[in-house]
Amino acid sequence: MPDRPPMNTPFQTLAHAQGEGLALSAWLGCAVADYLRRASADMACFARDKVLRDADMVRSTMTCRDPALLAGLSQAYLDATVAATAQEAGRQADKTARFCSHVLTRMGSDRSRGA
């Protein structure tokens, strides 16, 4: 009967997997989950603020009796909405860029340690 290779214990298998990048994968999963949690909280706050701006706009337009003033209110609302959306998009893009940079730095440092 041929000799069978020795069986690895679970701890040996885990240690080998960590050496092959399991620790980095676990860290990355946690980092992505944290990033998504923060991004969704930011987006929820943005949506809340948008609803409040919309409610103010509805209230203003319902009580307005001057067509020229109504046109000005509509223009101001659109300007504010576009500015707020652009600002939030920029903020989210910056956060995403910082997150990606951090991940790439971490992945590079883990690879250089393993080499």
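Helices here are DSSP runs of H or I with at least four residues, strands are runs of E with at least two, and both are numbered from the N terminus. By that rule the chain has three helices and zero strands, in the order α-α-α from the N terminus on.

Some ground rules. This is a predicted model, so local features need pLDDT of at least 70 and side-chain atom pairs count only at pLDDT 80 or more, while totals for chains, interfaces and linings use all residues. Residues are numbered from 1 along each chain as its sequence is written, and side-chain values use heavy atoms, with hydrogens and water left out.

Now the chain as a whole. Accessible areas come from the Shrake-Rupley method with a 1.4 Å probe, and for residues only the protein chains shown count as cover. The chain exposes about 8900 Å², and carbon and sulfur atoms supply 66% of that. I call a residue buried under 20% relative accessible area, exposed over 50%, and partly exposed in between, again with a 1.4 Å probe and protein chains only. Of the 115 residues in the chain, 12% are buried. A contact means heavy atoms within 4.5 Å. Taking contacts between residues at least 6 apart in sequence, 69% join residues at least 24 apart.

Next, the core. A nonpolar core is a set of buried Ala, Val, Leu, Ile, Met, Phe, Trp, Tyr and Cys residues joined through side-chain atoms within 4.5 Å. The largest one has seven residues: L24, W27, A31, Y35, A39, F99 and V103.

On aromatic pairs, rings of Phe, Tyr and Trp (its six-membered ring) pair if their centres lie within 6.5 Å; planes under 30 degrees apart are stacked, over 60 edge-to-face, and the rest tilted. The whole structure has one such pair. Y35 and F99 form it, stacked, at 4.8 Å centre to centre with 20° between the planes. Y35 sits in α2 and F99 in α3, 64 residues apart. Both Y35 and F99 are buried.

W27, in helix α2, contacts H102, V103 and R106 once neighbours within four places in sequence are left aside. W27 and R106 are 79 residues apart in sequence, with 9.6 Å from C-alpha to C-alpha.

Then the second largest pocket. On a 1 Å grid over the protein atoms alone, a pocket is an open set of points with protein on both sides within 12 Å along at least five of seven lines, whereas a cavity is a set where a 1.4 Å probe fits but cannot get out; lining residues have an atom within 4 Å of a point. Grid points are joined across faces, edges and corners, and a volume is the space filled by probe spheres set on the points. The second largest pocket has a volume of about 200 Å³. Its lining consists of A31, D34, Y35, R38, A39, K95, R98, F99 and H102. α2 gives the most to this lining, with five residues.

Last, E88, in helix α3. Why does E88 count as buried? Because its relative accessibility is 9%. Beyond neighbours within four places in sequence, E88 is in contact with D42 and F46.
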